[in-house]
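Colleague: I have the model open beside me. Shall we go through it together, one question at a time?

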Amino acid sequence: MHSDPESIRKSVRSYITVFVLLMIFTIITVAVSRFHFGVPIAITVALVIASIKGSMVAGVFMHLSYERKWIYGALILTAVGFLILMSVPSFTMMDHIGTPIHVEAPAAEHTGH
Amino acid sequence: MNIPYTVEERPDSGLTNGKLGIWLFLASEVMLFGALFSTYIILRMGAPEWPHGELNVVLGTINTIILIGSSMTMVMAWASLKMHDWSKHRLYLIATVVLALVFLVNKYFEYAAHYATGELPDKSTFLAIYFTLTGLHGLHILGGIIVMAYFLGPGAKLYKKNPEQFTNRIEYTGLYWHFVDLVWIFLFPVLYLL
């Protein structure tokens, strides 16, 4: 990564830009939540904005936009693990233990009483 | 025995050992918080109803702004060292610690308000996951404060002996601190707004 004082001075400008953008996105997140969209839209919008903010923090403040390949490698593995963790909730949908079993009521038989 | 590659990069990885170490630690942190986020999704999907507007959005927003500000001061503390400006570095690092402490004070007020109204983790699933996630995040803030206080105190001596190694240590502290900020960026909408 760049480390001479002159290139650091240039980086500082990008830090300030990211800082201002993060503030603006925070205000947008709160403002959007005031509109009462349906839950799926609200969740999507909030998570998209949070992901944009997160990428800016990781990319610029954490210097991930110019890192070595070993770190990208470690993060790819982490991303795979994270995706598996996030897919765990969908596995619970397949678990039917404990859910009531709906058995068709047998057709009433007239036994002729 | 000295730890190798604290300043010069390892030929095979192109990284200092500390940099690779902190990233591997952060990877494990992603899994720790990821497991709790996954738990949140399961609990929320399984709940017949989910409370909305229970938390103080104003305090949450202020804390978000504080943490983003502290990330800025943290990266500036590192950049100042790179520009050989020791006094600015100290100022920015102190500012980061102060902002972190203000974050915790706000969190204390939030928790105190919940406690006063009897909104404790045993009252609802939402409160249980709220206290777990924000409590764990708060512990990370506390951990960051301890590390930064060390570099403001006894750890600062290293700068005279080996300024590059000290600068690298501040960079690793910063990476951890930005990660703590990043987690909050997701926690805030998930808990306060949705």
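Colleague: Let's begin with helix packing in chain B. In which hand of crossing does α2(B) pass α6(B)?

Modeller: Happy to, and please keep in mind that this is a predicted model. In it, α2(B) covers residues 57-82. Its crossing with α6(B) is left-handed.

Colleague: And which way do α2(B) and α6(B) run relative to each other?

Modeller: Their axes lie 9 Å apart, and the packing angle is about 165°. Angles over 145 degrees count as roughly antiparallel. Therefore α2(B) and α6(B) are roughly antiparallel.

Colleague: How do the residues of that contact divide into nonpolar, polar and charged?

Modeller: On the α2(B) side, the contact includes B:G60, B:L67, B:M74 and B:W78, and on the α6(B) side it includes B:G174, B:W177, B:D181 and B:F188. Taken together, the residues of the contact of α2(B) with α6(B) comprise 14 nonpolar, six polar and three charged.

Colleague: Now for α1(B). What should its 30 residues span, and what distance separates its end C-alpha atoms?

Modeller: Helix α1(B) runs over residues 17-46, and at 1.5 Å a residue it should span 44 Å. The expected span uses one less than the number of residues. The end C-alpha atoms agree with this, being apart by 44 Å.

Colleague: Against which helices do the buried residues of α1(B) pack?

Modeller: The buried residues in α1(B) are B:K19, B:I22, B:W23, B:L26, B:F33, B:F37 and B:Y40. They pack against α4 (125-152) and α6 (163-193) of chain B, together with α3 (69-94) of chain A.

Colleague: That takes us to the other chain. Which helix gives the largest share of the side of chain B that touches chain A?

Modeller: There are 37 residues of chain B in contact with 37 residues of chain A. On the chain B side, α1, α2 and α6 each supply at least two residues. The largest share, twelve residues, comes from α1(B).

Colleague: What about A:M62: is A:M62 buried or exposed?

Modeller: A:M62 sits in the loop between α2 (39-61) and α3 of chain A. A residue counts as buried with 20 or more other C-beta atoms within 10 Å. A:M62 has 24, so A:M62 is buried.

Colleague: Which residues does A:M62 touch, not counting those up to four places away in sequence?

Modeller: Chain A has three helices and zero strands, and 13% of its 113 residues count as buried. Beyond its sequence neighbours up to four places away, A:M62 touches A:V57, B:L175 and B:H178.

Notes:
Residues numbered from 1 in each chain as written. Chains lettered and ligands numbered in written order. Predicted model: local features only at pLDDT ≥ 70, side-chain atom pairs only at ≥ 80, totals over all residues. Helix = DSSP H or I, 4+ residues; strand = E, 2+ residues; numbered from the N terminus. Buried ≥ 20, exposed ≤ 12 C-beta atoms within 10 Å, placed from the backbone. Contact = placed C-beta atoms within 7 Å. Axes fitted to C-alpha atoms, helices over the stretch in contact; angles between N-to-C directions. Parallel < 35°, antiparallel > 145°, perpendicular 65-115°, else oblique. Left-handed = near helix turned anticlockwise from the far one by under 90°. Nonpolar A, V, L, I, M, F, W, Y, C, P; charged D, E, K, R; others polar.
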